[in-house]
Amino acid sequence: MSNDEYYMGLAIDQARLAEEIGEVPIGAVIVHNGEVAAAGYNKRETSQLASSHAEFIAIEEANQKIGSWRLEDCTLYVTLEPCPMCAGAIVQSRIPRVVYGASDPKAGCAGTLMNLLQEERFNHQAEVTAGVLGEQCGQMLTLFFKELRAKRKKK
């Protein structure tokens, strides 16, 4: 197992925590100098805040733990390709590397719809590694939404 797969496994664990409370199962982990500095999972429904995405929560936690808004020695692992808001937060926090699991055909901004993380007009770009444990990450989301639709249909 590679380091990327190990840390993505931790992000998947975070996604499961989201799923346990009825949230979309998306999880993120930030690694700083080889150690987990922060973790987060989707809490939009729980918090009723649009910014409560897994990446955003993990970035804020890492800022606090590291004591800086600059996360220059970090890698972000996230189970779903970052959306425009999270890609912006990644660029603004100077994270140099992003590893994601499943691509997001509806909002992916790390290469699927557009690539904000490697936009040369910004003053910072991030290296992107896509598809790490992607099938597992994608299956979690597919199953979650399938079950959600089945529950709504019963009502």
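Biologist: Which residues does Thr75 touch, not counting residues up to four places away in sequence?

Modeller: This is a predicted model, so keep that in mind. Thr75 touches Val29, Ile30, Val31, Arg97 and Val99. Each has heavy atoms within 4.5 Å of Thr75. Thr75 itself is found in strand 3, residues 74-80.

Biologist: Why is Thr75 called buried?

Modeller: Its relative accessibility is 14%. Buried means under 20%. Therefore Thr75 counts as buried.

Biologist: What makes Arg121 buried or exposed?

Modeller: Arg121 has a relative accessible area of 74%. The cut-off for exposed is over 50%. So Arg121 is exposed. Arg121 lies in the loop between strand 4 (97-102) and strand 5 (127-130).

Biologist: What makes the pairing of the Arg121 and Glu119 side chains a polar contact?

Modeller: The distance is 2.7 Å, side chain to side chain. A polar contact needs a pair of N or O atoms within 3.5 Å, one able to donate a hydrogen and the other to accept it. The Arg121 and Glu119 side chains make such a contact.

Biologist: How far apart are the C-alpha atoms of Arg121 and Ala62?

Modeller: They are separated by 26 Å. Along the chain, Arg121 and Ala62 are 59 residues apart.

Biologist: Which residues of helix 4 are buried, and what do they pack against?

Modeller: In helix 4 (residues 84-92), the buried residues are Cys86, Ala87, Ala89, Ile90 and Val91. They pack against helix 3 (54-66), strand 3 and strand 4.

Biologist: What is the phi of Arg94, which follows helix 4?

Modeller: Positive, near 65 degrees.

Methods: Residues are numbered from 1 along each chain as its sequence is written. This is a predicted model: local features need pLDDT of at least 70, side-chain atom pairs count only at pLDDT 80 or more; totals for chains, interfaces and linings use all residues. Side-chain values use heavy atoms; hydrogens and water are left out. Helices (H or I, at least four residues) and strands (E, at least two) are DSSP runs, numbered from the N terminus. Buried means under 20% relative accessible area, exposed over 50%, partly exposed in between (1.4 Å probe, protein chains only).
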